[in-house]
Structure formats: C-alpha cells, structure tokens
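The following exercises ask the student to read a protein model step by step. Each task is followed by a worked solution.

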Amino acid sequence: MAVKIIMLLIFFSIMIAIGLYCRKNATDVSGFVLGGRSVGPWLTAFAYGTSYFSAVIFVGYAGQFGWKYGIASTWVGIGNCIIGSLMAWAILGRRTRIMTQHLGSATMPQFFETRYGSPALKVAASVITFIFLIPYTASLYNGLSRLFGMAFSIDYSVCVIVMAVLTGIYVIAGGYMATAINDFVQGIIMLFGIVAIIGAVLNSQGGFLAALDGLARISDETVSSTPGVFASFFGPDPLNLFGVVILTSLGTWGLPQMVQKFYAIKSEKNIATGTIVSTFFAFVVAGGCYFLGGFGRLFSDKIDIAANGFDSVIPTMLSGLPDLLIAIVVILVLSASMSTLSSLVLTSSSTLTLDLLKGRVVHDMDEKRQVQIMRFLIVIFVAISVVIAIIQYKSSVTFIAQLMGVSWGALAGAFLAPFLYGLYWKKTTSAGVWCSFIFSTVVMLANMMVRGSFPKLLQSPINAGAFCMIAGLVIVPLVSLVTPKPENSLVEHAFSCYAEKVLVSKTTALEDGTD
C-alpha cells in the first residue's frame, strides 16, 4: 500500500507542477486554448494519443470486445493505429493546420462558421458539442472505480472527486500547453505500463502460446459453435467487429477534442514527425489494450458478466498481479483518464466561451475576460461530469449510460463529413453540413430512445454511430450538388491559404537553391 500511495503522490505532484510552470503560456486566448500554435510534434502526437485512449478504452472497450471477439479484438487496436492515427494525421493534419490558421479558427464550431459563412452553423455545432461531450466526460470515471476499489478499497466518489480536482488544477493553471506536456508524461507511462502488464498477465497463464492454446479450448454456444473461435483470426462475429473498428477509428476524424490538436502544432513541417510518433503510440497502446482484453475469457471462472458487466473483465485479469504492477496499472489508467478529461473540458469551455457566449451573451469580452470565463467554465464542466458520474454509479441511471454510449457516434457522425469536405472540396454547401448535423444527432438520439425499432444490425449504438459517419460522407456531397452553390468569394478566401503555402514553399526552395 505504501508503494502505491508514494507513486500516486509523485504522479500528482508532477502533474500540478507542470500546470503551474505553464501559467506564463496561458495569458491570452491563443495561448490558453492552442498553446500559441507553437506545440512541437512529439507533444502534439502524445496529446493526440492520450486524448484518444482513456479508461473507457482500457477498462471498458478492451474488456467488452475482448470478451465478445477474443483475440480478434486486436483488429480494433490495429484500426485505431492505421485509420484513427496514421490516416487521420496524413489526411487531416497539414490542411487543418493551414486552413484553421488562415481563417483564425480556434475551435471546430468557429471553423464551420468561417468556412461556410454561417454563424448559425457555429451555434449548432457548439450545442451539439456541449450536449454530447459532457456525458462522454463523465464516462471516463467508470473504469477508475473498479481499479481503485481493487487497489485501495477507496470509495468511488472519493477517487472521482480527487481525479477531477487535480485535473482541473493543472488545466486551469496552464491551459493547453500544460495539458500537452502532461499528456507527454502520461503517454510515456501508458507506453511502458501496457507492455509490462501484457507481459505479466501472459506470464501468469504460462506465456503467449500457452495462453493462446487455452483460449482456443474455450467455447460458448451462445456466441458460436465453431471450435477455437475466440483464438481465430476474425473471431465469432466479423461484421459487428468491423463496426467497432469503424466507430473507434474513423470517429476521431470528427471529434472536436481530437482535431483541435492539429490546430496547435507548431508548423506543417512537424506533421510528418507527429504522424510517425502518433501511429507508434496507437500501435502500442491501443493494440496492446485490445490484445490484452482478447484473453479475458481465460479468467471466466472469476468473472460474472451478468452480475458485474464487462467493466469487470480487465480488473479481474489484473487483480492477481504484484503490488508494484497494480500501482503501475492504477497510474496508467489515471494517466489515460486525466489526459482525456483535460482535453474534453478544455474543448467544452473554449467552445462555449468563444462560440456561444462571446458576442451574444457577453458583448464586451476582451482576451483577459475570455480566459477568465474559460477557467470558470472548466470548473463547472468538471463539477457537472463528477455529479453525473456519481449519480450514475449510485443510482444506476440507465438514461445517462445510454447517452454516454451514443455521444461518440453523434459527435463524429455530425462533424466528420462537413469537416473533411470543408478542407478538400470547394463545392461543399452549408445545406449539406446542416443535413449531416441533423441526420446524425437524430439517428443517435433515436437509437438511444427507441432502439428496438431499428434494424437488428443498427440496434447497437456502435454500429449506429459507424453508420452515421459513413452516411454523412454520402449525404454531404449529394445535398451539396443539388443545393445553391456557396458564395465564390467565401470559398476562394478559404482555399487561398493552400496556394499561398505553395508559393511560399517554392520561393523558399528557390532562395535556398540560389544561396
């Protein structure tokens, strides 16, 4: 117990010290929200990765999908690596950095306003972001409850409040730069931690080959009658597994807290380095989490899914580890949760301040006032997420749990296509964007409220979310082609940034050659 407490105290001290150190970088809006757009590739890559993979992934998704699909759940991690990181950076990174800087956009709703010339789009995007990020924020605490209970026997409410307060302190003090530096530290812990844990768990089962052989001997007639299906290449249900891959991988392309990382990177030249680092991080952390979860059924004699749910799978797998490794596990999950929490509350507060309050509710808002309001809202958002998490835990409010489940699909489904086409296609219209917003939010809310009315394949919120993202990629161009063209001056202004960058690059190359 002493070892665990000492490691936690050191971890928390470092987080707060970094927040206080970064105060000088958080005196204006650009510094507080984007780190002055001067964050290096390594910090940005780790910030992207740690915001991507939280306790929801490590405890919830890894346990749930590992139990359902066996070792084939590793495909989810591979998809996160290739689609969610490598392709996201390659396709979105450079263009996002250039166009958002050119348009002066600090948030995704601001991008929609300036790119499509529609203040109403900014308001709508802000409302969608606010509604669906708060419950998603609350869901981060779920995985912590079981791990803290296993390691310390501490009441869930206490660990939730402590984590929220400490995260709030360093975000309020240092803004985005404090978050990015802390994400780097937390990311290092996650990288080494997941490797150590996988090694320890497999070793407890006699090694990788013995564990794989044991998994091949497990059968579950309610899932599949095929022998060895949980150790097979595609598992018992490839179609639903594909839905999980799409939602958790392609979804990052439309999540405001993920895309915002590209706004803040120092320069376009840093994108290449960031792509490599981010992809490696995703391969180790996401691949490792789902790979570990794939062996969950080896512990089926200790797990009662009906009574304790899928969130009990990973904690049960780890409960027999030595104290030092359990301490590492707790810090790993804390790192994953705090990094994602800091990203979400910063995104929520900046969106509400810059996109809803500024110029509408509060007309006289200078830079200092904006930063003050964002800091105040961070406190409010953290408090709301804590209350929601505790209410859900104490009262088992299923409505909240369902809303958490649809939040990722609603956000990514609404924003992915409008953002992607906004970066690349000049003919995208605001009508197409509206259709994407409305379609995805209506479908996901309907999935939560009248799920039984959906086709069987789409009754899963995960499949419904994946469907919304893919549908948006079709809806936006179709609607754009049959609605009035966007104003030419607006489009040319938005896309002139790319021509300017090409001209600057050619001029620089010519000067270097002359020299």
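**Exercise 1.** Determine in which helix N270 is found, and decide whether N270 is buried or exposed.

*Solution.* In this predicted model, N270 belongs to helix α13, which covers residues 270-293. The next step is to take the relative accessible area of N270, which is 16%. A residue counts as buried under 20%. N270 is therefore buried, given its relative accessible area of 16%. Finally, the contacts are listed: once neighbours within four places in sequence are set aside, N270 is in contact with P41 and I265.

**Exercise 2.** Carry out the analysis for T316: state its helix, its burial and its contacts.

*Solution.* T316 lies in helix α15, residues 313-318. Its relative accessible area is 16%, so T316 is buried. Apart from residues up to four places away in sequence, T316 touches F299, K302 and I303.

T316 and L34 are 282 residues apart along the chain, and their C-alpha atoms are separated by 39 Å.

**Exercise 3.** Explain why the radius of gyration of the protein chain agrees with that of a compact globule.

*Solution.* The chain has 515 residues, and for that number a compact globule would have a radius of gyration near 24 Å. The protein chain has 23 Å, which agrees with this expectation. The box filled by the C-alpha atoms, taken along the principal axes, is roughly 65 × 55 × 50 Å. Of the 515 residues, 59% count as buried. Contacts complete the picture: among those between residues at least 6 apart in sequence, 85% join residues at least 24 apart.

**Exercise 4.** State how many helices and strands the protein chain has, and describe its surface and charges.

*Solution.* The count gives 21 helices and zero strands. For the surface, the chain exposes about 19,700 Å², of which carbon and sulfur atoms supply 67%. For the charges, there are 30 positive and 23 negative side chains. The centres of these two sets lie 3 Å apart.

**Exercise 5.** Identify where pLDDT stays under 50, and state how the coordinates there should be treated.

*Solution.* Begin with the whole chain: the average pLDDT is 86, and 92% of the residues score at least 70. Then locate the exception: over residues 506-510, pLDDT stays under 50. For these residues the model has zero contacts beyond four places in sequence. Where pLDDT is low, predicted coordinates should not be read in detail.

Notes. Residues are numbered from 1 along each chain as its sequence is written. This is a predicted model: local features need pLDDT of at least 70, side-chain atom pairs count only at pLDDT 80 or more; totals for chains, interfaces and linings use all residues. Side-chain values use heavy atoms; hydrogens and water are left out. pLDDT is the predictor's confidence in each residue, from 0 to 100. Contact means heavy atoms within 4.5 Å. Helices (H or I, at least four residues) and strands (E, at least two) are DSSP runs, numbered from the N terminus. The radius of gyration is taken over C-alpha atoms; the globule rule is 2.2 Å times the number of residues to the power 0.38. Buried means under 20% relative accessible area, exposed over 50%, partly exposed in between (1.4 Å probe, protein chains only). Accessible areas come from the Shrake-Rupley method with a 1.4 Å probe; for residues, only the protein chains shown count as cover. Lys and Arg count as positive and Asp and Glu as negative; His and the chain ends are not counted. The place of a charge is taken as NZ of Lys, CZ of Arg, CG of Asp or CD of Glu.
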